[in-house]
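Please open the model in your viewer and keep the selection tool at hand. The tour below moves from one selection to the next and says what is found at each stop.

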Amino acid sequence: MTTQLSLPEPPPKAAEFGRDSLIVCENLVRIYQTGSIEVQALQGLDLTVESGEMVAVVGASGSGKSTLLSILAGIDAPTAGRARVADADLLGMSRTDRVRYRRSTVGFVRQQTASNLVPYLTARQVVDLPMAAAGTPARKRGARSGELLEALGVADCADRRPTQMSGGQQQRVAIAVALANQPRVLLADEPTGELDTTTSAQVFEALRHVNREFGVTVVVVTHDAEVSGQVERTVAIRDGRTSSEVLRRTATAEDGGTHVIAEEYAVMDRAGRVQIPREYRETLELTRRVRLALESDHVTIRPDA
Ligand code: ADP
Ligand code: MG
């Protein structure tokens with residue numbers, strides 16, 4: 001007989017940051033060292049993404065977007081902080097786990113259309129490749145390739161090689177390749193960067209389609225405002241940190257018409273730091289010291305005058 005049943009419950013632990021999220025980055029740091037020069041590509045980035053979400057990541061060139069995606073893709077390893085995708089801890093993973101992670105938990109689409117495909121392989125063959133590597137039986141592979149190329153609107157490209165496809169078709173085949181092993185997360189780093197506006201819109205629509213139809217969580221880096229305007233959440237990165245988020249929802253007006261409401265939020269990090277946009281700082285001449293006051297339901301920041 002045990003007497004432990006009558007012991008009081010232990011006090012609840014503080015909820016772990018992003019415990020229920022599919023993707024969690026906490027205080028993520030990536031430092032690149034080239035010779036004596038150190039570049040802090042990520043400087044304490046926090047991010048959570050829920051299962052089934054489609055999130056756009058925006059930010060100036062050099063802000064750390066590709067670094068973030070390579071870390072989430074398991075291609076690059078962070079210097080410090082925490083990064084978890086599903087049950088994979090991206091800092092403490094063994095080599096074997098990393099291989100399995102890259103093969104089956106995430107799919108990755110790169111900006112350079114050419115680098116996503118193999119010059120001498122047809123679309124059908126290149127979609128088959130990751131499944132063969134994972135040991136999927138041939139019969140299943142054939143069915144899945146067909147289904148994926150169909151879902152991405154490139155069934156007619158099945159027997160074509162990259163040079164026989166347009167840039168947009170190549171990127172849609174690349175999405176099919178990335179989804180071959182049914183990953184939970186699809187990462188795309190400026191997948192439309194080399195495409196014209198119309199083709200970009202098609203590729204982006206393909207991403208939205210697989211997000212809705214397959215429930216795959218999508219994180220897409222883009223600098224196209226038109227593209228980021230179509231997702232429910234856009235995360236902005238500035239200097240290696242998440243600085244703001246825009247959330248969009250569809251509202252129904254009184255006349256029955258629907259319209260999208262976009263609201264911008266500043267992101268507060270785990271230590272309570274918030275970045276004040278440059279325009280605000282310049283308008284009110286906020287410099288190093290500001291006056292902070294707690295009101296009943298908000299906080300004010302005033303210049304130190
Ligand atoms: P983005 O994708 O937002 O343009 P990156 O993540 O590519 O930004 O780069 C962030 C910063 O890290 C930049 O200053 C870039 O020069 C630097 N950087 C990226 N990759 C490397 C690398 N392999 N070696 C050294 N510096 C790098
Ligand atoms: Mg980049």
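Select Val299, which is exposed because its relative accessible area is 51%, where exposed means over 50%, buried under 20% and partly exposed in between, with a 1.4 Å probe and protein chains only. Val299 lies in strand β13, strands (E, at least two residues) and helices (H or I, at least four) being DSSP runs numbered from the N terminus. This is a predicted model, in which local features need pLDDT of at least 70, side-chain atom pairs count only at pLDDT 80 or more, and totals for chains, interfaces and linings use all residues. Residues are numbered from 1 along each chain as its sequence is written, chains are lettered from A and ligands numbered from 1 in the order in which they are written, and side-chain values use heavy atoms, with hydrogens and water left out.

Now move to ligand 1, whose surroundings include Tyr32, Val39 and Lys65. Looking at polar contacts (pairs of N or O atoms within 3.5 Å), you will find a polar side-chain atom of Lys65 at 2.8 Å from an oxygen atom of the ligand, while a backbone N or O atom of Gly64 lies 3.0 Å from an oxygen atom of ligand 1. Finally, select α1, which gives the largest share of the shell around ligand 1, namely 3 residues.

Conventions:
Near = heavy atom within 4 Å. Polar contact = N/O pair within 3.5 Å; in protein donor to acceptor, adjacent residues only side chain to side chain.
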